[in-house]
Amino acid sequence: MKRVLITGGAGFLGSHLCDRFIKEGFHVIAMDNLITGDIRNLEHLFKLPNFEFYHHDVSKFIHVPGELDYILHFASPASPIDYLKIPIQTLKVGSLGIHNCLGLARVKKARVIIASTSEVYGDPAVHPQNEDYWGNVNPVGPRGVYDEAKRFQEAMTMAYHTYHKLETRIVRIFNTYGPRMRLNDGRVLPAFIGQALRGEDLTVFGDGSQTRSFCYVDDLVEGIYRLLLSDYAYPVNIGNPGEITIGQFAEEIIKLTGTSQKVIYKPLPTDDPKQRQPDITRAKEILGWEPKVSREEGLRITYEYFKSLPEEELYKAAYHRDFVKNQV
């Protein structure tokens, strides 16, 4: 049985990856320090003999006994409300964390795939964004802690690939949604659905003309799985090219939820990207991958998930354990 380590395994994407690798017959080791992850995302796996959980911060030395075939580095805060509150931890997981994962991979002779992001493109001057675009990022702006952590992570990974001949893969993830997202994580989709469920007006930042492209989580996981097992070492965009303005998206959520709230407008945050749409030509050619789940179907499933949560989840503020006070 092949063994895989998934860092950030209790998070939204990490937990879905744990499910996929269990389904594919792997022995799965999930690792998470639970700053933003939630152990409840993994509870259904604890009874399985081929699943383990390590409560650990990957920014510190990683020890995993036994053989490892694959390492998926998905540990990181991933939304503005997270990385603006814990900026130092965000930078550390993208620098010290990836260094530790790559070092472990060298010892274990494992293949590594890292979770990069469309945020490496910043506020793009090229549209749609393809993997050859170098980006337009403000390194000292409030979002720089996340964008530059991911850019450094890509550079470190490629250095290990070229210098140590390590087998590495880089996935650039675009906006993804689905069950297990946190309602309070600040991203637009859970924010809109949470406001609708609470009977609040929907808040659009800016004039609503900025765009996003939303990919359902099952499609994303399929793309990541194919990339890991491929022979391609350079970055690959995985996302849904179905672009929509935030204003249009707010109207879709109002229609989906059957609520009658208004849309209210607030100033756009600093360095917030105006456009986001993946060029997935490379994924189609190399992986034979493209998204299958329509936004209508994916939103319906996600809305049903959010409706099923206990009422207290609707009113819970984002919380980051004691790391908020103790960033060193």
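Mentor: Glu119 and Arg276 are both buried, a word that stands for under 20% relative accessible area, with exposed meaning over 50% and partly exposed in between (1.4 Å probe, protein chains only). This is a predicted model, in which local features need pLDDT of at least 70, side-chain atom pairs count only at pLDDT 80 or more, and totals for chains, interfaces and linings use all residues. Residues are numbered from 1 along each chain as its sequence is written, and side-chain values use heavy atoms, with hydrogens and water left out.

The side chains of Glu119 and Arg276 form a salt bridge, at 3.3 Å from N to O; the term requires a side-chain nitrogen of Lys or Arg within 4 Å of a carboxyl oxygen of Asp or Glu. This pair joins distant parts of the chain, 157 residues apart. Glu119 lies in the loop between strand 5 (111–117) and helix 4 (144–164), and Arg276 in the loop between strand 13 (263–266) and helix 8 (281–287). Helices (H or I, at least four residues) and strands (E, at least two) are DSSP runs, numbered from the N terminus.

The count of salt bridges comes to 25. Among them, Lys307 pairs with Glu304 at 3.5 Å between the closest N and O atoms. These two residues are three apart in helix 9 (residues 295–307), which means that about one helical turn separates them. Lys307 is partly exposed at 42%, and Glu304 is partly exposed at 41%. Elsewhere, salt bridges link Arg20, Glu24, Glu222 and Arg226 in a network.
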